[in-house]
Amino acid sequence: MAGKTGGRGGKKSVSRSAKAGLQFPVGRVARYLKKGKYAERVGAGAPVYLAAVLEYLCAEVLELAGNAARDNKKTRIVPRHVQLAIRNDEELSKLLGTVTIANGGVLPNIHSVLLPKESAKKESEA
């Protein structure tokens, strides 16, 4: 019996997030699902799946917000960049259509009726 250790001696525990290859906490998501009373019972795969979906959405928003920050020559993501990222993406805009982002502002948009006409430009040149 050489080489065997009794019980869990010397074996380090591995989190469910690490097993699933995720950054988001699977254990915490499981706890919230149980405490929220969304259902009487919560399966083992449900918190893993939900954590993966949340991680994907977060990564998607952060990537687009980082691009918006870079476009504005900034190195830090602020709520304005998150707002621009979400509203310029069709699917994210549909998902978060009713969400208000504090300090996000609005998309730059000037209605075509308000823009000066072409004939007015030519007259001013002449």
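Ile110, Leu114 and Leu115 make a nonpolar surface patch of about 340 Å². A patch is built from residues with over 30% relative accessible area and no salt bridge, where like charges are joined within 9 Å and nonpolar side chains (Val, Leu, Ile, Met, Phe, Trp, Tyr) within 5 Å. A salt bridge, in turn, is a side-chain nitrogen of Lys or Arg within 4 Å of a carboxyl oxygen of Asp or Glu. The model is predicted, so local features need pLDDT of at least 70 and side-chain atom pairs count only at pLDDT 80 or more, while totals for chains, interfaces and linings use all residues. Residues are numbered from 1 along each chain as its sequence is written, and side-chain values use heavy atoms, with hydrogens and water left out.

- Ile110 lies in the loop between α5 (90-95) and α6 (118-125); helices (H or I, at least four residues) and strands (E, at least two) are DSSP runs, numbered from the N terminus.
- Ile110 is exposed, with a relative accessible area of 58%; the terms are buried for under 20% relative accessible area, exposed for over 50%, and partly exposed in between (1.4 Å probe, protein chains only).

**The chain as a whole**

- The secondary structure comes to 6 helices and 0 strands, and the pattern along the sequence is α-α-α-α-α-α.
- Of the 126 residues in the chain, 17% are buried.
- The chain exposes about 10600 Å², and carbon and sulfur atoms supply 56% of this area; accessible areas come from the Shrake-Rupley method with a 1.4 Å probe, and for residues only the protein chains shown count as cover.
- Among contacts (heavy atoms within 4.5 Å) with a separation of 6 or more, 34% are between residues 24 or more positions apart.

**The largest nonpolar core**

- The largest nonpolar core has 5 residues, namely Leu22, Val26, Val29, Leu33 and Ala51; such a core is a set of buried Ala, Val, Leu, Ile, Met, Phe, Trp, Tyr and Cys residues joined through side-chain atoms within 4.5 Å.
- Helix α2 (residues 26-35) gives the most to this core, with 3 residues.
- Val26 lies in helix α2 and is buried, with a relative accessible area of 0%.
- Not counting residues up to four places away in sequence, Val26 touches Arg16, Ser17, Pro47, Val48 and Ala51.
- The C-alpha atoms of Val26 and Ala52 are separated by 8.6 Å, although these residues are 26 residues apart along the chain.

**Helix α3 and the residue after it**

- Helix α3 has 26 residues and reaches 38 Å from its first C-alpha to its last, close to the 38 Å expected at 1.5 Å a residue; the expected span is 1.5 Å times one less than the number of residues.
- Pro47, Ala51, Val61, Ala65, Ala68 and Ala69 are the buried residues of α3, and they pack against α1 (16-20), α2, α4 and α5.

**Helix α4**

- The buried residues in helix α4 (residues 79-88) include His81, Gln83, Leu84, Ala85, Ile86 and Arg87.
- The cover over the buried residues of α4 includes α3 (46-71) and α5.
- His81 lies in helix α4 and is buried, with a relative accessible area of 4%.
- Beyond residues up to four places away in sequence, His81 touches Ala65, Ala68, Ala69, Asn72, Lys74 and Arg76.
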